[in-house]
Amino acid sequence: MVRVRGVHKSYGALEVLKGVDLDVRTGEVAVVLGPSGSGKSTLLRSINHLEKVDRGYVSVGGELVGYRRAGTRLHELKEREILKQRTQIGFVFQSFNLFPHLTALENVAYAPVASQGRPRRDVLPLARSLLERVGVGDKADAYPRQLSGGQQQRVAIARALALQPRLVLFDEPTSALDPELVGEVLDVMRDLARSGTTMIVVSHEIGFAREVADTVVFMDDGRIVEQGPPSEVLGAPRHERTKAFLAKVL
Amino acid sequence: MSAPAPTKPAPVDEISTLRVVPARHPWRWVATAIVAVLLAMAINALITNPAWDWPTVGEFVVNASILEAVRLTVVLTLLGVGLGFVLGTVLALMRISHSPLLQAVSWTYIWIFRSVPLILQLLFWYNLAILYNEIRFGVPFGPSFFGVGTMELIPPVAAAALGLALHQAAYSAEIVRSGFLSVDSGQLEAAAALGIPRTRQVWRIILPQAMRTIIPTAGNEVVGMVKGTSVVYIMALPELFYQVQVVYTRNGRVIPLLLVATFWYLVLTTVLTVVQYYVERYYARGSARALPPTPLQRVRRTVTEVRARAQRRREQSELLSGGAR
């Protein structure tokens with residue numbers, strides 16, 4: 001489903017990604033761990049082309065992200081085409097980024113109408129059922145600022161799902177939450193994983209990784225140090241850096 | 001007696017039965033007295049001095065030529081602000097676009113139109129016919145199909161509205177841009193991640209949020225424009241200020257006619273202030289947990305509160321008199 005090959009990315013002189021290869025199969029959950037500044041978020045953001053990579057490529061569902069191949073050349077896609085590609089890839093932000101002037105229901109229903117041109121009357125029932133599914137069905141008419149952080153993040157997950165994406169990316173979805181609200185968001189994500197949604201999750205929640213992940217990826221200094229099933233990477237890490245990191249967070 | 005008197009008062013906490021004596025504010029009373037006297041003096045001066053000539057004011061306030069002038073002032077304000085903000089929004093979008101050329105054009109426009117006094121710009125527009133006495137339509141630098149005399153194409157009212165609008169656009173552009181800058185960058189990112197088309201990102205996601213910052217400053221600009229229209233008197237357009245001058249040079253009653261103009265400018269800005277309040281309230285949706293009450297709601301709430309308080313007092317005194325027996 002997702003194929004990342006030889007991805008490099010620099011901000012000025014600072015090289016954030018130094019050649020990353022990653023594969024995630026359909027229905028799989030990959031959890032990316034690593035110290036801050038290791039390039040996890042940049043990698044995630046390059047998968048839906050929020051960041052343009054300098055070298056290497058990303059493909060989702062067999063389709064190159066941000067480029068079109070013609071013979072021996074890669075043509076950069078127009079913004080409109082990139083936006084269309086992004087409707088296949090859900091993205092959940094650390095800081096929720098709900099639209100504050102729209103109600104929870106409108107937040108969820110807006111993108112399918114605006115991006116995919118689906119009729120509003122078809123989208124509204126879908127949006128309601130998604131809010132139900134993430135457990136905030138009774139908050140459909142509330143504005144984001146009237147909701148707790150956990151509720152906001154669950155609405156944001158419903159919003160990402162409304163486009164019926166093939167893949168959902170989570171960028172530290174619980175890092176901005178009060179500790180007692182983390183659980184409700186992880187519950188929703190666990191349900192999603194069980195229902196067979198392909199997910200890539202950047203997170204610090206080791207427990208979640210151990211329980212839900214098919215693959216755990218450990219990144220440090222712009223490279224993937226180690227990847228494999230949680231029992232290997234978390235249970236018996238081979239690299240010193242992984243060991244040191246796990247010793248600190250566990 | 002309706003309330004049954006308790007035969008034996010229940011034992012209660014002693015402090016909670018004591019009467020509360022509100023704190024006294026003697027200096028507040030002194031200040032109130034001084035202000036009241038000054039206010040009375042001012043009103044007295046306005047009423048008793050015959051030079052204000054209130055009967056003449058009353059006569060001209062609803063005079064047909066004055067009303068017509070008020071209408072023109074309103075039209076010029078709406079055109080100036082309306083066109084000004086439309087052009088201003090375009091300039092702001094150019095300024096934040098990725099094209100260096102558009103950025104430069106926008107920057108230059110704002111630089112020129114903010115630097116040159118409005119009165120000077122208006123005179124330029126008024127005298128446009130001297131510069132180009134015919135405006136031709138056709139292929140740029142190529143053949144032209146037809147031409148129109150500048151005076152016919154741009155009559156004085158249009159020239160005035162255009163002058164006001166072009167000047168206003170330079171200021172509006174910066175106001176709109178500041179509104180865009182006030183919106184969190186995460187909003188654009190979220191919209192982009194959801195694949196929302198570019199124009200909708202701007203009009204449906206960013207602009208409604210930017211309006212919260214734009215409206216108060218824009219309100220200032222509109223009020224400024226109401227009074228700013230008085231500058232076009234140099235183009236001999238019969239707006240309020242010009243018309244008042246015309247009347248008082250004819251009948252010599254300067255002060256009352258200046259009062260007439262004052263009255264109408266006050267009315268116009270008052271209406272605009274009320275409109276602004278409700279527009280601001282509309283865009284405050286979702287930004288606060290509860291919207292502030294409208295003045296009408298506030299009056300209603302006060303009335304209910306006063307009534308409830310009176311009711312409580314009545315019940316209390318009944319209870320006390322009952323208890324005393």
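**Core packing and the A–B interface**

In this predicted model, A:Val32 is in contact with A:Lys40, A:Leu43, A:Ile200, A:Val201, A:Val202, A:Val217 and A:Met219, neighbours within four places in sequence being left aside. A:Val32 also belongs to the largest nonpolar core. That core has 129 residues. A:Val32 is among the residues with the most contacts inside it, together with A:Val31, A:Val108, A:Leu131, A:Leu169 and A:Ile200. In soluble globular proteins, nonpolar side chains tend to be buried together.

The two chains also touch through a defined set of residues. On chain B, 19 residues are in contact with 23 residues of chain A. Two helices of chain B, H9 (185-193) and H10 (198-228), each supply at least two residues of the side that touches chain A. H9(B) gives the most, with six residues. By residue class, this side of chain B divides into eight nonpolar, six polar and five charged residues.

H9(B) also holds buried positions. B:Ala190, B:Ala191, B:Ala192 and B:Ala193 are buried in this helix. The cover over the buried residues of H9(B) comes from both chains. It includes helix H2 (79-86) and strand E8 (89-92) of chain A, along with H10 of chain B. Just after H9(B), B:Gly195 takes a positive phi of about 75°.

Key. Residues are numbered from 1 along each chain as its sequence is written. Chains are lettered from A and ligands numbered from 1 in the order in which they are written. This is a predicted model: local features need pLDDT of at least 70, side-chain atom pairs count only at pLDDT 80 or more; totals for chains, interfaces and linings use all residues. Two residues are in contact if their C-beta atoms, placed from the backbone, lie within 7 Å. Helices (H or I, at least four residues) and strands (E, at least two) are DSSP runs, numbered from the N terminus. Ala, Val, Leu, Ile, Met, Phe, Trp, Tyr, Cys and Pro count as nonpolar, Asp, Glu, Lys and Arg as charged, and the others, Gly among them, as polar. A residue is buried if 20 or more other C-beta atoms lie within 10 Å of its own, exposed if 12 or fewer, and partly exposed in between; C-beta atoms are placed from the backbone. A nonpolar core is a set of buried Ala, Val, Leu, Ile, Met, Phe, Trp, Tyr and Cys residues joined through C-beta atoms within 7 Å.
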